[in-house]
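Good morning, colleagues, and thank you for making time on the agenda. Please look at the sequence and the model as they come up, and I shall then take you through a few of the features.

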Amino acid sequence: MKHNLKVLALSVLAVTALGAIEAQGAQASFDTLRTFPAGSSAFVKAEADPSEPNQVLTLTTGGFSTTCKEFSTTGSTATDRSTEVTGEPHFGSCTTSLGEGGSWLSHGCHFKFKSETGASELAPIGFVCPSGEQSETQYSGCTLFFGSQTFNGAHYANVQSGAGEREMHLTVTIKAEMDLAYTSQGPSCALWGIPASGNQATYLGKLALKGVEDKEGIEGEQVGMTMETLSTTEMP
């Protein structure tokens, strides 16, 4: 009997140890942003990708949309082996599905692009606003407000646009389908069938993320940027 208990105990220990090893293996690598030349820091410039420039925000209820053909960010920096990049978005050349000019104001809110992707190869995107602030987009007599939230997802792709490492950059395809929370305000909201609040707005867009040297606050040459999967032993 004692022998059987000893065998059982050893079996339990072996299974526990194997589980711990597997858990370590599952956490042994993660996605990170790299800059080239290695170790360089960079300003990050995000802009609408020329191949698909339109940034489209659509409300599921009512089907109204705002399309902006220009996009850029400010205030973004990255170092080698970063796990996230932030930047305040700026939208331009916007029109609404009602056939009129539209606007999309950030009010200090910014995107936070996180590097770690899941099984679907999508990474979460944070939308972070200063205390008491929200971004807004306007329809005819109706304003939509978007506050701090996290949504899915971002798909990253490395692009070689030239012969050297410095020409490498990232594209980010954003597909936040029926995943954005908002509130609305204005006399025309009810007329257009837009509820006072909802959480199924959609944002689709494609961005190009490029880096330039950060020389004590002055922009220098282009810095290459890629998404790579590193082991924990390769991290600083």
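Predicted model: local features only at pLDDT ≥ 70, side-chain atom pairs only at ≥ 80, totals over all residues.

Which handedness does the disulfide of Cys-68 and Cys-94 have, and why? The torsion about its S-S bond is about 110°, and the disulfide is therefore right-handed.

The sulfur atoms of Cys-68 and Cys-94 are 2.0 Å apart. Cys-68 belongs to strand 4, residues 65–74, and Cys-94 to strand 6, residues 84–96, so the bond ties together parts that are 26 residues apart in sequence. Both of these cysteines are buried.

In total, the structure holds 3 disulfides. The next one joins Cys-109 to Cys-129, with the sulfur atoms 2.1 Å apart. Here the angle about the S-S bond is 110°, and this link is right-handed. Its two ends sit in loops: Cys-109 in the one between strand 7 (103–105) and strand 8 (110–114), and Cys-129 in the one between strand 9 (123–128) and strand 10 (135–139). The pair links distant parts of the chain, 20 residues apart. Cys-109 and Cys-129 are buried.

The remaining disulfide on my list is formed by Cys-142 and Cys-189, whose sulfur atoms are 2.0 Å apart. Its torsion is about 100°, so this disulfide is right-handed. Cys-142 lies in strand 11, residues 142–146, whereas Cys-189 lies in the loop between strand 13 (168–185) and strand 14 (197–215); the pair therefore ties together parts that are 47 residues apart in sequence. With a relative accessibility of 1%, Cys-142 counts as buried, and Cys-189, at 4%, is buried as well. If we number the bonded cysteines in sequence order, the pairing reads 1-2, 3-4, 5-6.

I turn now to the aromatic side chains. The model contains 10 aromatic pairs. In one of them, Phe-91 and Trp-104 are stacked, at 3.9 Å centre to centre and with 5° between the planes. Phe-91 is in strand 6 and Trp-104 in strand 7, so this pair ties together parts 13 residues apart in sequence. Is Phe-91 buried or exposed? Its relative accessibility is 13%; because the cut-off for buried is under 20%, Phe-91 counts as buried. Trp-104, at 11%, is buried too.

A further stacked pair consists of Phe-111 and Tyr-203, 6.2 Å centre to centre and 5° between the planes. Phe-111 lies in strand 8 and Tyr-203 in strand 14, so the parts tied together here are 92 residues apart in sequence. Phe-111 is buried, with a relative accessible area of 3%, and Tyr-203 is buried, with 1%.

Which residues does Lys-114 contact, leaving aside its neighbours within four places in sequence? They are Thr-83, Glu-84, Ala-123, Pro-124 and Tyr-156. From C-alpha to C-alpha, Lys-114 and Val-85 are 6.7 Å apart in space, although 29 residues separate them in sequence.

Thank you; I am glad to take questions.

Notes: Residues numbered from 1 in each chain as written. Heavy atoms only, no water. Disulfide = S-S within 2.5 Å. Helix = DSSP H or I, 4+ residues; strand = E, 2+ residues; numbered from the N terminus. Buried < 20%, exposed > 50% of the residue type's maximum accessible area, 1.4 Å probe, protein only. Contact = heavy atoms within 4.5 Å. Phe/Tyr/Trp six-rings, centres within 6.5 Å; stacked < 30°, edge-to-face > 60°.
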